[in-house]
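Subject: A structure for you to look at

Hi,

I am passing on the structure we talked about, with some notes on what turned up in it. Please open it alongside this message and follow along.

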Amino acid sequence: MTVSVPDMLDRLRSGDQTALGDLVQTLYEELHRIAASKLRAERPAHTLQTTALVHEVYLKLVGENLRHLADRGHFLSVAARVMRQVLVDYARARETKKRLPVEWTTSLDVEGQMGADKAELLDLDRALDELASEDQALAGLIEMRYFGGMTAEESAEVTGQSVHRVRHDLRLAQAWLRRKLICGRLTDQG
C-alpha cells in the first residue's frame, strides 16, 4: 500500500518526523530533476553533485518546522528556497577561499525566449534579498521558478493566484533583477 503525498503532508503537519523522509523519497526523482537543472546552470566542474544537492536540501529540511506545508507544490517551493541557500553557501565558501568567481547562468526569462545572461550567484542572491525586502511575493516566484524549476501553473497553484498574474509578476521581478544586476555591474566597472 503506497501512501499519498497529501497523507505524508498530514503526518508531517502532525509532527511525525519520519514523514519528511517518506516525502523526500516519494518526490526524489522530481527533486533530483530540479537539482540537476540548477547545477547545469552552474559553472562547469561544480564540486557539488546532483545527488549531494538533494541530500543537502533534505538535511536542511530536517531541522525546519514544516507543519505549515499545504501541498506538494508548497513543499517543492520550500525545497527550491533551500536549494538556493545551499548553492549560495557553496558559492560563499568558494569565494572565501579566494578562487575564481562563481558564475551562474540563467535566462531570467519566463517564456525561455531570450539568451542566457551571466550573473554571479552571489550577486543574484543579494539582488533577490533586496527584492524580497521590497516584495517578498516577487522574490518567492523567482525562487520557485529558477531554483525550484516550477512552471507558472505550479507557482499559481502554490500561491493561489491566476497563471496570468504569476506570469505578469515573474516578468516584473525579472525586469527588476536585470536592472539591479546590470546597474551593479556598471557600478563595479566604473
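A word on confidence before the details: pLDDT is the predictor's confidence in each residue, from 0 to 100. You will want it here, as this is a predicted model. The mean pLDDT of the protein chain is 78, with 79% of its residues at 70 or more. Of the chain's elements, helix α1 (residues 5–13) has the highest mean pLDDT, 90, while strand β1 (residues 103–106) has the lowest, 43. Across residues 98–119 the pLDDT is below 50, and in the model this stretch has 63 contacts beyond near neighbours in sequence. Where pLDDT is low, the predicted coordinates should not be read in detail.

Now the overall layout. The protein chain has 9 helices and 2 strands, arranged along the sequence as α-α-α-α-α-β-β-α-α-α-α. Of its 190 residues, 43% are buried. If you take the contacts between residues at least 6 apart in sequence, 63% of them join residues at least 24 apart.

Just after α1 comes Gly15, with a positive phi of about 100°.

Next, the core. The largest nonpolar core holds 54 residues, and those with the most contacts inside it include Leu23, Phe75, Leu128 and Leu177. Helix α5 (residues 72–96) contributes the most to this core, with 11 residues. Leaving aside residues up to four places away in sequence, Phe75 touches Leu20, Leu23, Val24, Leu27, Leu31, Leu61 and Leu69.

Then there is a helix pair worth a look. Helix α6 (residues 121–134) and helix α7 (residues 136–147) have axes that come within 6 Å and cross at roughly 145°. On the α6 side the contact is made by Leu121, Leu124, Leu128, Leu131, Ala132 and Glu134, and on the α7 side by Gln136, Leu138, Ala139, Ile142 and Phe147. By class, that comes to 9 nonpolar, 1 polar and 1 charged residues.

Leu128, which lies in α6, has a relative accessible area of 0% and is therefore buried. Beyond residues up to four places away in sequence, Leu128 touches Arg84, Ala139, Ile142, Phe147 and Leu177. Its C-alpha atom is 8.6 Å from that of Glu143, a residue 15 places away along the chain.

- Ser155 sits in helix α8 (residues 152–159). Is Ser155 buried or exposed? Its relative accessibility is 1%, so Ser155 counts as buried. Its contacts, again without residues up to four places away in sequence, are Leu141, Met144, Met150 and Val166.
- His32 belongs to helix α3 (residues 28–40). With 26% relative accessibility, His32 counts as partly exposed. His32 and His55 are 23 residues apart in sequence, and their C-alpha atoms are 9.6 Å apart in space.

Happy browsing, and do write back with any questions.

Best wishes

How values were computed. Residues numbered from 1 in each chain as written. Predicted model: local features only at pLDDT ≥ 70, side-chain atom pairs only at ≥ 80, totals over all residues. Heavy atoms only, no water. Helix = DSSP H or I, 4+ residues; strand = E, 2+ residues; numbered from the N terminus. Contact = heavy atoms within 4.5 Å. Axes fitted to C-alpha atoms, helices over the stretch in contact; angles between N-to-C directions. Nonpolar A, V, L, I, M, F, W, Y, C, P; charged D, E, K, R; others polar. Buried < 20%, exposed > 50% of the residue type's maximum accessible area, 1.4 Å probe, protein only. Core = buried A, V, L, I, M, F, W, Y, C linked by side-chain atoms within 4.5 Å.
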